[in-house]
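My plan is to pick a few spots, look each one up, and jot down what I find.

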Amino acid sequence: MKKIGVLTSGGDAPGMNAAIRAVVRTAIYNGMEVAGIYRGYQGLLEGDIEALTVASVGDIIHRGGTMLRTARCLEFKTEEGFQKGLTMLKMFKIDGLVVIGGDGSFNGAKKLAEAGFPTIGVPGTIDNDLPYTDFTLGFDTALTTVVNAIGNIRDTSSSHGRINIIEVMGRNCGDIALYGGLAGGAEAAIIPEVPMDINDICSTILRGKRRGKLHSILLLAEGVGKPYELAESITKITGAEVRVSVIGHLQRGGTPTPNDRILGSRFGAYAVELLRDGKEGRAVGVKGNALIDLDISEALAMKKTLNQEVYDLAQILAI
């Protein structure tokens, strides 16, 4: 293993720069060269590749986004595009690849591994929707952004005596809404994993109102959808004024938290160590704060399940 490539693909996530930095510096420490592939698989197909040095990744650990930039590439999913990608890797004399991204990026990494090209996947997505790992890179930062938003919205919500629905990201995974609702003291976390019961939600709101609570905060995962329709339904039942706030891509940006910087550093270094030791087709992750790795096909085959303990606790504390 003389030269390692690194790319970020799909949606950006805070902490990706920490992972890139760790890949580059760990590889160089172990006597290897590093090729930075810009704009994910799209940049790979176009040969947008250059050498990275220790200096190349200086002063990036604290920055959100990804210095390598990112893109979604439908062409790489075709057989012609895939073969072009393999040709580019050989042309640039890259012996192994670290792919930082979510499930779509991992599917590309899996295909490369199946074709015999040494590839390691690093889970970088704010959604926390890769079930083989406790946490994905960027989730903690996105969660912090959501909790800060809850605090800001609560100030104006309590001043006007309103109900606020806050829609958060996560696609079909409700972890941002669930953990954000628990950490932010929301009255409800409405997530795709649990059928929504409008009567239960309204009962919680009215129960709080009877004890003198001036406002209510509801966290809604985007996978559930239709926040304005939900607002109308709540108003019809409770008579309360309801506002909707969609945080959107604010959750994907910003300075990564210390946790994400540390996690990214650990993930990136471990990925290089696996390639150095001749392991390939692996996905790195964390379980109980210990680094793990498993076959990337196995990682992708796992089904995400609800953390019932966290959900039950959020329900209990929302009374």
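Which residues does R72 touch, not counting residues up to four places away in sequence? I looked, and the list is G10, G11 and Q42. Before going on, a reminder to myself: this is a predicted model.

**Entry 1: R72**

I wanted to know where R72 sits. I found R72 in the loop between strand 3 (49-52) and helix 3 (79-91). Next I checked its accessibility: the relative accessible area of R72 is 64%. The cut-off for exposed is over 50%, so R72 counts as exposed.

**Entry 2: the binding site record**

I went to UniProt for annotations. Its unreviewed entry lists G11, R72, C73, G102, D103, G104 and S105 under "binding site". These residues are spread over 95 residues of sequence, yet they cluster in space, with a largest C-alpha distance of 13.6 Å. I then compared them with the largest pocket, and its lining includes G11, R72, C73, G102, D103, G104 and S105.

**Entry 3: the largest pocket**

How big is the volume of the largest pocket? I noted about 530 Å³. The pocket is lined by 26 residues, and the closest to its centre are G10, R72, D103, G104 and S105. I also asked which element gives the largest share of the lining. That is helix 4, with six residues.

**Entry 4: S105**

Leaving out residues up to four places away in sequence, S105 touches S9, G10, Y41 and V99. I spotted G10 on the R72 list too.

**Entry 5: strand 5 and its partners**

Helix 4 (residues 103-114) made me curious about what lies on either side of it in the chain. I found that strand 4, helix 4 and strand 5 make a right-handed β-α-β unit. Strand 4 (residues 96-101) and strand 5 pair in the parallel sense over five bridges. In that pairing, I100 has V122 as its bridge partner in strand 5.

Strand 5 is also joined to strand 10 (residues 282-287) by two bridges, and these two run parallel as well. Here G121 stands opposite A283.

Why is strand 5 largely enclosed by the rest of the structure? Because five of its five residues are buried. In a regular strand, side chains alternate between the two faces of the sheet.

**Entry 6: D127**

Back to UniProt, where the unreviewed entry places "active site" at D127. I found D127 in the loop between strand 5 (119-123) and helix 5 (139-160). With 9% relative accessibility, D127 counts as buried. Which residues is it in contact with, leaving aside neighbours within four places in sequence? I wrote down M169, G170, R171, C173, D175 and I176.

**Entry 7: T204**

T204 belongs to helix 7 (residues 198-210). At 16% relative accessibility, T204 counts as buried, because the limit is under 20%. Setting aside its neighbours within four places in sequence, T204 is in contact with E187 and A318.

Methods
Residues are numbered from 1 along each chain as its sequence is written. This is a predicted model: local features need pLDDT of at least 70, side-chain atom pairs count only at pLDDT 80 or more; totals for chains, interfaces and linings use all residues. Side-chain values use heavy atoms; hydrogens and water are left out. Helices (H or I, at least four residues) and strands (E, at least two) are DSSP runs, numbered from the N terminus. Buried means under 20% relative accessible area, exposed over 50%, partly exposed in between (1.4 Å probe, protein chains only). Contact means heavy atoms within 4.5 Å. UniProt positions are given in the numbering used here, feature names are shortened, and annotations may be inferred rather than shown by experiment. Two strands pair if DSSP finds at least two bridges between them. A crossover is right-handed if, with the strands pointing away from the viewer, the path from the first strand over the helix to the second runs clockwise. On a 1 Å grid over the protein atoms alone, a cavity is a set of points where a 1.4 Å probe fits but cannot get out, and a pocket is an open set with protein on both sides within 12 Å along at least five of seven lines; lining residues have an atom within 4 Å of a point. Grid points are joined across faces, edges and corners, and a volume is the space filled by probe spheres set on the points.
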